[in-house]
Amino acid sequence: MIEPVLMTTVRISTFDGQIGLTNATGFFFEQGGVLQLISSRHVVFEEPSGHTPDRIEIELHVSLDDLGQSINFSIPLYRNGKNVWREIKDSAGWVDFVAIDIDKDALPETFFYTAFSPAHLVSSSERIEIGSTLLVVGYPLGFEDTLHHLPVARQAGLASSYGLRFKGQGYFLVDARTHRGISGAPVVMQNPKAGPDDPLPWRLLGVHSSRLEAFSRDPVHDEILGLNAVWYADALTALIE
């Protein structure tokens, strides 16, 4: 049996024409009948570093009987000179994730996946305790199960008060060991209220953005913080509007 949360997530490769640039993570989110690929905004556009790919590729499963069967699906990031991704701002600036609408008619007939939906988001009435165990599901350094083309999961602990914007930004913190390539990964926790027949018994808390660093850290004497910024997933619903 395949853990369904693993089928939500895909490895992203960014390109400038035929030149490969970076690896990252994305996941599927479906709302209002629209299938979207979610990832970090800096994966598709990061002006300070000059990272401006013109397309991405994602790896899709085409058989549940043989997960080794997959295809690379290319998605252009610009159409008629305009970016295809949906993005939003909040009071502090750009939210560091985007949504790309996927044309289902362009997908292979035997495409298998699992998608999060608004039902998996955490409501404002739910309380998530500090220190709660979470998972970050993705492709650190592009690493994956190369036989079955599946991601890996790293354990994380909630490291700041969930529901508060850390330093006024639209994210919270998790304590986890992460690497490049995990940007855009879903950060989830098990849903204790899920029934045995729930096809995806997880809560989607956020979208992993980046590792954080302390300016005062001495690289010789001090270990890295191991803290990560995760953007609140409830903003995903605004990306369909």
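Because the model is predicted, local features need pLDDT of at least 70 and side-chain atom pairs count only at pLDDT 80 or more, while totals for chains, interfaces and linings use all residues. Residues are numbered from 1 along each chain as its sequence is written, and side-chain values use heavy atoms, with hydrogens and water left out.

Six strands, in the order S11-S12-S13-S16-S15-S14, form a closed barrel with antiparallel pairing. Strands here are DSSP runs of E with at least two residues, numbered from the N terminus, and two strands pair if DSSP finds at least two bridges between them. From one strand to the next, the twist averages 45°; the angle is taken between N-to-C directions, on a scale from 0 to 180 degrees, using lines fitted to C-alpha atoms. Val-137 stands opposite Ala-153 of S12.

The loops that follow hold two residues worth a look. Leu-141, in the loop between S11 and S12, has a positive phi near 55° without being a glycine. Lys-167 is likewise not a glycine and has a positive phi of about 55°; this residue is found in the loop between S12 and S13. Lys-167 counts as exposed because its relative accessibility is 73%, where exposed means over 50% with a 1.4 Å probe and protein chains only, buried means under 20%, and partly exposed lies in between.

The largest nonpolar core has 28 residues, of which Val-5, Phe-116, Val-188, Leu-204 and Leu-236 touch the most other members. Such a core is a set of buried Ala, Val, Leu, Ile, Met, Phe, Trp, Tyr and Cys residues joined through side-chain atoms within 4.5 Å. At least two residues each come from S2 (19-31), S11, S13 (171-175), S15 (202-211) and S16 (227-232), and S15 gives the most, with 3 residues.

The whole structure holds 1 cavity of 30 Å³ or more, a cavity being a set of points on a 1 Å grid where a 1.4 Å probe fits but cannot get out. The lining has 14 residues, with Met-7, Thr-9, Val-10, Glu-59 and His-61 nearest the centre; lining residues have an atom within 4 Å of a point. Strands S1 (9-16) and S4 (55-61) each give two or more residues to the lining.

Definitions and conventions. Helix = DSSP H or I, 4+ residues; strand = E, 2+ residues; numbered from the N terminus. 1 Å grid on protein atoms, 1.4 Å probe; cavity = no way out; pocket = protein on both sides within 12 Å on 5 of 7 lines; lining within 4 Å. Points joined across faces, edges and corners; volume = space filled by probe spheres on them.
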